Each structure stands twice: as structure tokens, then as C-alpha cells.
Amino acid sequence: MKKASPTAESIAELIRGSIVSGELPSGAPVTEKWTAEKYAISRLTVREVLQSLIAEGYLVRRPYHSAHVRTFTDKEMQDILDARELLEGYAGSRSINAAEADRARLRSALDDYLAAMDGDDLAEGSRRHRALHVALVGMTGNERLMRQEEQLMVDSSMMVAVIDARRDDVEKMKRMHVQLVDAFLDGNQQLALQLVREHLHMVGKAATEELGREPVAAANPPRRYN
């Protein structure tokens, strides 16, 4: 019986695993030729794999260049986290007035995230984590802000995946997100702002340690959202 050819998603999952484990370090080239030969797949499947990983933020590719594992400078990481703090902090300040539909979406996103964190599918965990933070910003009822958060979460997806894969603190991450969601749903503005800052500070510190960079600068003084 002929062995089934590997799917693009199965190969993408293998490459994700290699990236977050450090087998493929930041900046490592991931060429079409290397991917086709290593996994014995067609060039068409290779292109599908690379496009998926680029869209998810694991790889980047400049025009006329091969793809490579995404790298982050200290400033790039800090810029992403600062932008997320602005959006998520603002959402926390507005959560007390959130519509019931937005609250329901956040509850559902949390349930999906917790279930995904108990599994071994990196892509699914990344998608559910992204959806949860977009749902947090969704408590503003502003779809434009949600789209901005979606892009920021794509930009930081590799950082988060590396942290989740290399650190034995999955339960801590789950508890942190439960506390964060509870504060938003309770309309506790002060606690929501505090937890947003604590969460992003933890992400920044862990990412710089795991990605081999110098520590990101300490968080700025608390912002006020009127």
C-alpha cells in the first residue's frame, strides 16, 4: 500500500516545533530547496508550508530572498508589547461598559484557549491565544482596534510560542489569562490595567531570555485611559 504524502500542515507543524525548540534558531534560512529535500515534498507543498508559516509570524521573507526564521531586536519586541499595552489597557478601562455579545465572545475565547493549552498542537494553541487577546480588545466594541490587535498578536506569536514550548509554566499562563479575563468581565478597571501590564512584562522578560537578547527595558509608568 502506497504511503500517503505528508500534508502541508503536518510539515508546517514539524517546522514550528523545530523553531520553538531552538533546533532552527532565529535567523536560520528555510529555503524551498532545503524544505523540499528534508521532508520529501513537492515544491507546490513547500510553498504552501512557507506561506503558512510566514502568515503566522514564524518566518519572514523579503522580496527576492529566501525565507528565514524570524528575529527580534530589543526595540521590535518592546514596540510590539507597548502597542499591545495601549490597546489592551484601553480595553480594560472600557470593559465595564462592554456589550453582552462581547462578553460572551471573551468567555468562549477563554474556554477555547484553555483547551488548546492542554493539547500538543502548536498552531491551534497559537490561534486560540491570539483569538483570546483579540477578544479582550473586543470588549471595546471597536472592530478597528480588534484588527490592530490581531496583527500585533501575529507579530508576537513566535515569541509566545517559544515561551510556551521552552518553559514549564503552562499552568501559570493559564491562571494568568483566567485572572485577566475575570477582571475584564467584572469591569474591574484598575485590576484589568494592572494584570495587562504584569502579563506583558512577563512576556517581554521571558522572550528576551529565551530568544537570547538583552532584557527589554522596564515597563513605563502606568498609563491613564480616560
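Guide: Welcome! Please keep in mind that this is a predicted model.

Visitor: Let me start with H199. What makes H199 count as buried or exposed?

Guide: The relative accessible area of H199 is 1%. Buried means under 20%, so H199 is buried. You can find H199 in helix 10, which covers residues 189-210.

Visitor: Which residues is H199 in contact with, leaving aside its neighbours within four places in sequence?

Guide: Those are R84, H129, H133, M173, M176 and H177. To be listed, a residue needs heavy atoms within 4.5 Å.

Visitor: How do you know that K174 and D118 form a salt bridge?

Guide: Their side chains meet at 2.8 Å, N to O. The cut-off is 4 Å between a side-chain nitrogen of Lys or Arg and a carboxyl oxygen of Asp or Glu, so the K174 and D118 pair qualifies as a salt bridge. The two partners are 56 residues apart, with K174 in helix 9 (residues 170-186) and D118 in the loop between helix 5 and helix 6.

Visitor: Are K174 and D118 buried or exposed?

Guide: K174 has 12% relative accessibility, so K174 counts as buried. D118 has 54%, and since exposed means over 50%, D118 counts as exposed.

Visitor: What other salt bridge does K174 take part in?

Guide: K174 also meets E171, at 3.3 Å from N to O. Both lie in helix 9, three residues apart, which is about one turn of the helix. E171 has 45% relative accessibility, so E171 counts as partly exposed.

Visitor: E32 and R43 are 3.9 Å apart at their closest N and O atoms. Why is this called a salt bridge?

Guide: Because the limit is within 4 Å, and 3.9 Å falls inside that limit, the pair counts. E32 is in helix 2 (residues 32-39) and R43 is in helix 3 (residues 43-55), 11 residues apart. Both ends are partly exposed: E32 has 23% relative accessibility, and R43 has 40%.

Visitor: How many salt bridges are there in the whole structure?

Guide: A search finds 19. Some are joined up: E9, E13, R16 and E56 are linked in a network of salt bridges. As background, side chains of opposite charge can pair when their charged atoms come close.

Visitor: What makes a group of residues a nonpolar core?

Guide: Its members are buried residues of the listed nonpolar kinds, joined through side-chain atoms within 4.5 Å. The largest core here has 56 residues, and L106 and F184 have the most contacts inside it. Helix 10 gives the largest share, eight residues.

Visitor: Which residues does L106 touch, leaving aside its neighbours within four places in sequence?

Guide: L106 is in contact with L132, A135, L136, M139, V181, F184 and L185.

Visitor: What can you tell me about the largest pocket?

Guide: About 270 Å³ of space lies in it. Among the 18 lining residues, M117, D121, L122, G125 and D164 are the closest to its centre. Helix 5 (100-117), helix 6 (122-137) and helix 8 (157-166) each give two or more residues to the lining. The lining divides into nine nonpolar, five polar and four charged residues.

Visitor: What makes A40 and Y64 worth a stop?

Guide: Most residues other than glycine have a negative phi. A40, however, has a positive phi near 55 degrees, and Y64 has a positive phi of about 70 degrees. A40 sits in the loop between helix 2 and helix 3, while Y64 sits in the loop between strand 2 (59-60) and strand 3 (67-69).

Visitor: How do you know whether A40 and Y64 are buried or exposed?

Guide: Exposed means over 50%. A40 has 65% relative accessibility, so A40 counts as exposed. Y64 has 86%, so Y64 counts as exposed too.

Notes. Residues are numbered from 1 along each chain as its sequence is written. This is a predicted model: local features need pLDDT of at least 70, side-chain atom pairs count only at pLDDT 80 or more; totals for chains, interfaces and linings use all residues. Side-chain values use heavy atoms; hydrogens and water are left out. Helices (H or I, at least four residues) and strands (E, at least two) are DSSP runs, numbered from the N terminus. Buried means under 20% relative accessible area, exposed over 50%, partly exposed in between (1.4 Å probe, protein chains only). On a 1 Å grid over the protein atoms alone, a cavity is a set of points where a 1.4 Å probe fits but cannot get out, and a pocket is an open set with protein on both sides within 12 Å along at least five of seven lines; lining residues have an atom within 4 Å of a point. Grid points are joined across faces, edges and corners, and a volume is the space filled by probe spheres set on the points. Ala, Val, Leu, Ile, Met, Phe, Trp, Tyr, Cys and Pro count as nonpolar, Asp, Glu, Lys and Arg as charged, and the others, Gly among them, as polar.
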